[in-house]
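Please read the points below alongside the coordinates. They go from the whole chain to single side chains.

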Amino acid sequence: MRLIAALPRLILCLLLLIALPHAPAVAQTSDQPEGTIAVEGDATADAAIANRIRAILRELEGFEKVGVSVSSGIVTLRGTTLDAASGERLSELAGRVEGVVAIRNEVRESTDVSERLNPAVDRFRDRMEQAVAFLPLALVALGVFALIVVAGLALARLRNPWERLAPNAFIADIYRQIIRLAFIIAALVVALDILGATALLSGILGAAGIVGLAIGFAVRDTVENFIASVMLSIRQPFRPNDTVEIDGDTGKVIRLTSRATILLSYDGNHVRIPNSTVFKSRIINYSRNAERRFTFTLSVASDADLARARDLALEVLNDLHFVLPSPEAAAWVEEVADHWINMQFAGWINQETTDLAAARGEAIRLTLSAFDAAGLTAPPPAYRLITQSESSGTAQRDSPHAPTESANPAPVQTVEAQADRELTRIVAQERAELPREDLLSVDAAEE
């Protein structure tokens, strides 16, 4: 009977034994000390722990108003600190003392205005004292920096050797800018080395690189134009007063500046073309060779003698005093149309003494007059309506190609390059006004 009465108690004990290993452990905070707890403790050990913690806090700044009490190895911290981080450090410091079982941290952050401001005032006073003590060394570093920079500026101002080494004044100015920048960087490195702050230089250069990269992306068109100006001033694909065609604009070159190429058009207008456009465009230089060819097209009748037309045109061209004998004049069939045949004619002139447009006009006039006299000119297309009554008869037609009796053409007009000389005079006058603004050189090597 007793065994039956004790059976429920035995079952309850078994259930407790089974459930006990799976019971959750009490979580420990990370700021509490770990390890075994001694079975015995005394007041002497507690006093020793409290005195040790107080001695540590006296050596540290900011814990003057923190009180410490220890009972059975449990440390209780009360009081205020200037910031919350200092209060959290107390638990770490107390946990490292031998014999501490647990820590009760009741320290709060101080809200007293005077206590919060006094450390800031002390720090400001200390920094001012450090600055005053550091002032002589800073003055020495500043003096060395100024001395190196002044030496670099004086070296960059010299005319030689920069103008002797550079192909033009623009490149010489670039050399001077490089010298100034190099001396400024050298002065900065030396000054920071005197101050013992060379590690600051890498940060300055890194920040300057990032800022320079951002500025480069923002003004990439300006940078591209500047690089094109440097390349054009070195290569010089044209000379002053050359007749060139750039990006569809034709005129005489006045000057090449650091930003644009300035042309004087045959209408007397200034044309400013950005150097980036000039550098990337197709440039036609008509002045590089004195000989220049002119061409024109005339139409002859579809049943005309082409060989006779060619010989007649060549005879006219070779008789012109402004047409050069070498290279020889030429004539060829260009196109066969419905009612006529187009022939192409070409002659060469010396463009330094002969105006191209005037020479071409005179050649067209005289050749056309010779064709008219020989009956070779193509008639305009004509259409005739034939009625029913006329269809049975024979229509009499006159030959449309019969030679015409025309008066002798006027003699050859003057074809001197008078307009070209006037433009050359205007270009020389404008170049004389601002000689330092020009990056071109007459004596530069041809590209």
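1. A residue is called buried under 20% relative accessible area, exposed over 50% and partly exposed in between, with a 1.4 Å probe and protein chains only. On that scale, buried residues make up 29% of the 447 residues in the protein. The model is a predicted one, in which local features need pLDDT of at least 70 and side-chain atom pairs count only at pLDDT 80 or more, while totals for chains, interfaces and linings use all residues. Residues are numbered from 1 along each chain as its sequence is written, and side-chain values use heavy atoms, with hydrogens and water left out.

2. The secondary structure comes to 13 helices and eleven strands, taken as DSSP runs (H or I of at least four residues for helices, E of at least two for strands) and numbered from the N terminus. With contact meaning heavy atoms within 4.5 Å, residues 24 or more positions apart account for 69% of the contacts with a separation of 6 or more.

3. Strands β1 (residues 66-71) and β2 (residues 74-81) pair in the antiparallel sense over six bridges, where pairing requires that DSSP finds at least two bridges between two strands. They form a hairpin with two residues between them, and Ser72 in the turn has a positive phi of about 55 degrees. Val66 has Gly79 of β2 as its bridge partner; Val66 also belongs, with Val68 and Val70, to the covered face of β1, whereas Gly67, Ser69 and Ser71 form the uncovered one.

4. A nonpolar core is a set of buried Ala, Val, Leu, Ile, Met, Phe, Trp, Tyr and Cys residues joined through side-chain atoms within 4.5 Å. The largest has 29 residues, and those with the most contacts inside it are Phe345 and Phe371. The elements that give two or more residues to this core are β9, α10, β11 and α11. Apart from it lies another core, of 21 residues, among them Ile179, Val244, Ile246 and Ile273.

5. Which residues form one aromatic cluster? They are Phe294, Phe296, Phe345 and Phe371. Rings of Phe, Tyr and Trp (its six-membered ring) pair if their centres lie within 6.5 Å, with planes under 30 degrees apart counted as stacked, over 60 as edge-to-face and the rest as tilted. A search of the whole structure finds three aromatic pairs. The rings of Phe294 and Phe296 have centres 6.4 Å apart and planes at 10 degrees, so this pair is stacked. Phe294 counts as buried at 2% relative accessibility, and Phe296 counts as buried at 1%.
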